Amino acid sequence: MNIYRKWLFFSLLSSVPFFTSCDRTKPSLPDLLVVNQQIATATDPEATNNDCDTLVITCIDYRFAAANQEFINGTLGLKDNYDHISIPGSIYNLINQETRSLLFSKFALAVRLHLIKRVIIIGHKDCGAYGGSPVFGSEIAEYETLCADLIKARELLIEKYPTLDVDLFLESLNHDGDKAKVLFEKIY
Ligand SMILES: [Zn+2]
């Protein structure tokens, strides 16, 4: 047996237990159906038949998640009628050239699938993607930067999709004693 054949023989031999053990640990379909758990939630049957023409872009920040749902579903009246991209930093990803194309590619998919006509971008203060409020030096500087970035994000979207309506909101977390409140401000 020459050296190549020896190597091949031992390689194949050593790989056998590996493949065997992988096969043994992979559950069969009936096992998967037993082990996995299905959880059903109710949806409005009418809503799921309608087209969706709005896309909402928010940050992932958990502090704003519940307020965002309430604002989008209730205040804006978009319940069951919007696509949602939740991405760390929301507008920062459009401003930042490194991540802009990623967000645009996801956006293009929503436009293609659902013929999106309106985009709602919700940015927020104290965003981790920017490094939080302290990096701005002052509340006014943070406000000015975030407003400018929201407006720039709208310009970038309209540059690519001229017929799009883009609404901008800036949200902030306000503490009143023990209570925390999320305030939304429309940016023009
Ligand atoms: Zn954020």
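**Notes on the predicted model**

Among contacts in the protein chain between residues at least 6 apart in sequence, 69% join residues at least 24 apart; two residues count as in contact if their C-beta atoms, placed from the backbone, lie within 7 Å.

1. First, the ground rules. Numbering starts from 1 along each chain as its sequence is written. This is a predicted model, with local features needing pLDDT of at least 70, side-chain atom pairs counting only at pLDDT 80 or more, and totals for chains, interfaces and linings using all residues.

2. On confidence: pLDDT is the predictor's confidence in each residue, from 0 to 100. The protein chain averages 84, and 84% of the residues score at least 70. Helix 1 (residues 3-25) has the lowest confidence, at a mean of 49, while helix 4 (residues 62-75) has the highest, at 96.

3. The overall layout is 7 helices and 5 strands, in the order α-α-α-β-α-β-α-α-β-α-β-β along the sequence. Helices (H or I, at least four residues) and strands (E, at least two) are DSSP runs, numbered from the N terminus. Of the 188 residues, 22% count as buried. Here buried means 20 or more other C-beta atoms within 10 Å of the residue's own, exposed means 12 or fewer, and partly exposed is in between, with C-beta atoms placed from the backbone.

4. The 5 strands form an open sheet in the order 2-1-3-4-5, with mixed pairing; two strands pair if DSSP finds at least two bridges between them. Strand 2 (83-86) and strand 5 (179-187) are the edges, each pairing on one side only. The twist averages 20° from one strand to the next.

5. Helix 4 lies across strands 1, 3, 4 (165-176) and 5, at about 55° to strand 5. Axes are lines fitted to C-alpha atoms, for helices over the stretch in contact, and angles run from 0 to 180 degrees between N-to-C directions. Phe64, Asn68, Phe71 and Ile72 are the buried residues to check in helix 4, and their cover includes strands 1, 3, 4 and 5. After helix 4 comes Gly77, with a positive phi near 65°.

6. Helix 7 (residues 139-160) has 22 residues and reaches 32 Å from its first C-alpha to its last, close to the 32 Å expected at 1.5 Å a residue; the expected span is 1.5 Å times one less than the number of residues. Glu142, Leu146, Asp149, Leu150, Ala153, Arg154 and Leu157 are buried. Seen down the axis, these buried residues fall within an arc of 140°, so they line one face of helix 7; the arc is that of the directions from the helix axis to the C-beta atoms. Ile140, Ala141, Glu144, Glu155 and Glu159 are exposed on the face turned away. Helix 5 (92-95) and strands 3, 4 and 5 are among the elements covering the buried side.

7. Last, His124, in strand 3 (residues 118-124). Why is His124 classed as buried? Because 26 other C-beta atoms lie within 10 Å. Leaving aside neighbours within four places in sequence, His124 is in contact with Cys59, Asp61, Phe64, Leu170, Glu171 and Ser172.
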